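Please consult the sequence and structure shown below while reading.

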Number of protein chains: 2
Amino acid sequence: MAEEIAGRGDPVRTLELMWGKAPAPRRGPKSRVSVADLVAAAVTIADADGIDAVSTRRVAEAVGISPMSFYTHIPDKAVLLDLMLDAVASPPGEDTPANPAFDPAEWRANVTFVARAFRAFYLRHPWVLQVGTHRPVLGPNTMRAYDVFLSAFDGIGLSEVEMDLSVTMVANYVHGAVRDVARAHMVKEQTGKSDDEWWYTIAPFLETIDFSPYPVANRVGPVVGELYGLGDPDLAFDFGLERLLDGLERLIEGKASSAVVIPPKLTPADREGLVIPPLTPPRGAPNSGR
Amino acid sequence: MAEEIAGRGDPVRTLELMWGKAPAPRRGPKSRVSVADLVAAAVTIADADGIDAVSTRRVAEAVGISPMSFYTHIPDKAVLLDLMLDAVASPPGEDTPANPAFDPAEWRANVTFVARAFRAFYLRHPWVLQVGTHRPVLGPNTMRAYDVFLSAFDGIGLSEVEMDLSVTMVANYVHGAVRDVARAHMVKEQTGKSDDEWWYTIAPFLETIDFSPYPVANRVGPVVGELYGLGDPDLAFDFGLERLLDGLERLIEGKASSAVVIPPKLTPADREGLVIPPLTPPRGAPNSGR
DNA sequence: ACCTAATCCTGTACACTGTAAAGAGTATTT
DNA sequence: AAATACTCTTTACAGTGTACAGGATTAGGT
């Protein structure tokens with residue numbers, strides 16, 4: 001019942017493993033398995049049976065070593081989760097060109113594209129939504145995804161800070177919006193019960209309840225329900241995305257003349273010379289440019 | 001390692017417990033504890049020590065019964081999670097008036113208010129973010145929160161469907177945006193390590209890495225880092241919210257003349273007469289109207 | 001060739017988890 | 001008084017992450 005949270009292991013050790021920069025062992029027997037093998041096995045399990053099917057024992061068994069041998073290669077389960085997140089952020093078979101050609105004139109289409117790709121990524125690996133990451137996963141694949149994401153906002157008149165904030169905004173929105181759909185998918189697979197069946201199961205009970213204390217919901221709910229049945233996640237996603245794009249457009253239009261939106265409140269400059277990577281890389285990768 | 005997902009127990013039983021409509025027992029000894037006691041204890045534990053500290057044994061012990069007696073009152077741990085979510089959605093001490101007076105003329109302020117309140121709710125109960133809900137929590141408190149949320153969008157020229165979509169959009173955005181902050185809080189409390197320390201720990205390693213394959217990120221990252229240090233979550237939140245509001249404003253402005261935005265694609269009308277509650281109540285409550 | 005140190009792999013063990021099963025005690029209905 | 005329905009308890013099982021100790025294998029230093 002340890003909760004699934006990545007980013008708790010020794011951060012440097014995690015990064016070393018993620019970038020393949022762990023110092024090569026000088027003595028001792030050759031490993032029968034590699035870290036990549038373990039991570040790949042874990043991802044396979046997670047894709048198939050969900051994140052709670054990923055146990056150190058099962059991963060070890062999948063690659064053919066004994067349970068405790070897992071810890072020879074990966075110090076923690078938390079580290080495994082980090083490695084899984086970066087591994088899945090850009091599937092090997094679907095590499096993207098080094099610099100995706102985003103025409104700034106088509107920025108709405110570009111942002112829509114990366115947002116949809118990001119969403120598709122979550123739907124392909126829904127377990128990612130269940131892994132809480134309280135630190136950015138600074139792995140190569142995640143960085144790549146962040147770079148592509150950022151590129152969609154490049155050259156359209158936004159400052160660097162605004163670009164980062166915009167990526168964060170869209171990524172956050174996508175993350176929030178995809179939850180319901182992804183979970184619905186998972187539940188359908190696991191329990192075989194669709195949303196419709198669930199509603200019909202509880203409908204008799206709901207009829208016994210007085211909804212008058214919730215007047216607005218009571219007015220809106222039935223209308224929405226009749227028009228869209230039990231909800232159209234794709235519609236909801238596009239609706240929100242369009243609003244976001246309109247909001248961005250207004251920002252871009254107003255940039256030329258209007259006041260600066262982001263106040264540059266400098267922090268004490270004792271960080272000079274320090275390599276500070278991006279603040280909030282998206283968790284996972286858009287499967288962009290195919 | 002069972003994953004924390006609510007909404008898996010018998011839905012009707014869950015609803016009965018949530019609305020206090022479980023049939024009163026006709027015989028047998030009086031209960032020493034109530035469902036509300038158990039839920040309250042569980043929430044206390046979650047608030048204090050995080051969601052993975054909430055075990056059936058610990059909850060039972062907290063109310064003074066033996067571990068298995070838990071199951072006399074609550075069928076599942078999944079049901080407990082649902083009950084916790086609705087219980088926390090509107091703390092007893094902070095009740096709101098039945099109809100919060102939202103002046104439609106001030107809709108931007110109103111939406112900002114509910115969004116901020118929603119965000120504050122997550123920061124007060126960060127464990128809510130770790131509980132995956134694949135079904136809406138149709139409890140009284142959650143309904144109330146949804147109703148208040150909806151009210152902020154009422155009377156400003158949006159259709160019912162657009163109101164629902166707008167609430168969903170804002171709720172999704174807030175959910176996504178609050179993750180990092182909430183987790184940072186939790187980690188700070190649990191490990192005593194702040195984001196800054198984490199960055200300084202990994203900085204030496206990061207300097208050994210070639211970031212040139214990520215040109216845009218490599219350009220944006222340092223600028224953002226220098227201006228805002230390790231990130232200003234409040235700023236990022238407000239930035240995204242302002243864009244959202246601008247997008248909504250454009251929608252509202254264009255409503256009078258322009259074409260209908262939402263195509264009314266009717267589903268087969270075999271749902272007539274069925275009471276269909278709101279599609280996607282927000283998970284948790286804005287602490288609105290104080 | 002030997003010894004030592006580093007490394008991989010393994011078995012055992014512990015404290016947890018959710019909860020199934022069975023039974024003991026208690027209050028109400030018949 | 002007997003049957004019933006309910007609360008609460010004990011025991012038990014299959015899982016989990018991982019600490020610890022030891023055995024097997026390789027390379028470097030002598």
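## Surface near DNA strand C

In this predicted model, the surface near DNA strand C comprises eleven charged residues, nine polar residues and nine nonpolar residues. In total, 29 residues surround DNA strand C. The closest are Arg32(A), Ser66(A), Met68(A) and His73(A) from chain A, together with Arg57(B) from chain B.

## Contacts with the DNA backbone

Among the atoms of DNA strand C within 4 Å of the protein, 64% are part of sugar or phosphate, and the rest belong to bases.

Two residues of chain A approach phosphate oxygens of DNA strand C. For His73(A), a polar side-chain atom lies 2.5 Å from a phosphate oxygen; for Arg32(A), a backbone N or O atom lies 2.7 Å from a phosphate oxygen. In chain B, a backbone N or O atom of Arg26(B) is found 3.4 Å from a sugar or linking oxygen of DNA strand C.

## Packing of H1(A) and H5(A)

Within chain A, helix H1 (residues 11–18) packs against helix H5 (residues 77–88) at an angle of about 40°, and their axes are 10 Å apart. The crossing of these two helices, H1(A) and H5(A), is right-handed.

Definitions and conventions. Residues are numbered from 1 along each chain as its sequence is written. Chains are lettered from A and ligands numbered from 1 in the order in which they are written. This is a predicted model: local features need pLDDT of at least 70, side-chain atom pairs count only at pLDDT 80 or more; totals for chains, interfaces and linings use all residues. Side-chain values use heavy atoms; hydrogens and water are left out. A residue is near a molecule or strand if one of its heavy atoms lies within 4 Å of it. A polar contact is a pair of N or O atoms within 3.5 Å; within protein, one must be able to donate a hydrogen and the other to accept it, and residues adjacent in sequence count only if both atoms are side-chain atoms. Ala, Val, Leu, Ile, Met, Phe, Trp, Tyr, Cys and Pro count as nonpolar, Asp, Glu, Lys and Arg as charged, and the others, Gly among them, as polar. Axes are lines fitted to C-alpha atoms, for helices over the stretch in contact, and angles run from 0 to 180 degrees between N-to-C directions. Helices (H or I, at least four residues) and strands (E, at least two) are DSSP runs, numbered from the N terminus. A crossing is left-handed if the near helix is turned anticlockwise from the far one by less than a right angle, and right-handed if clockwise.
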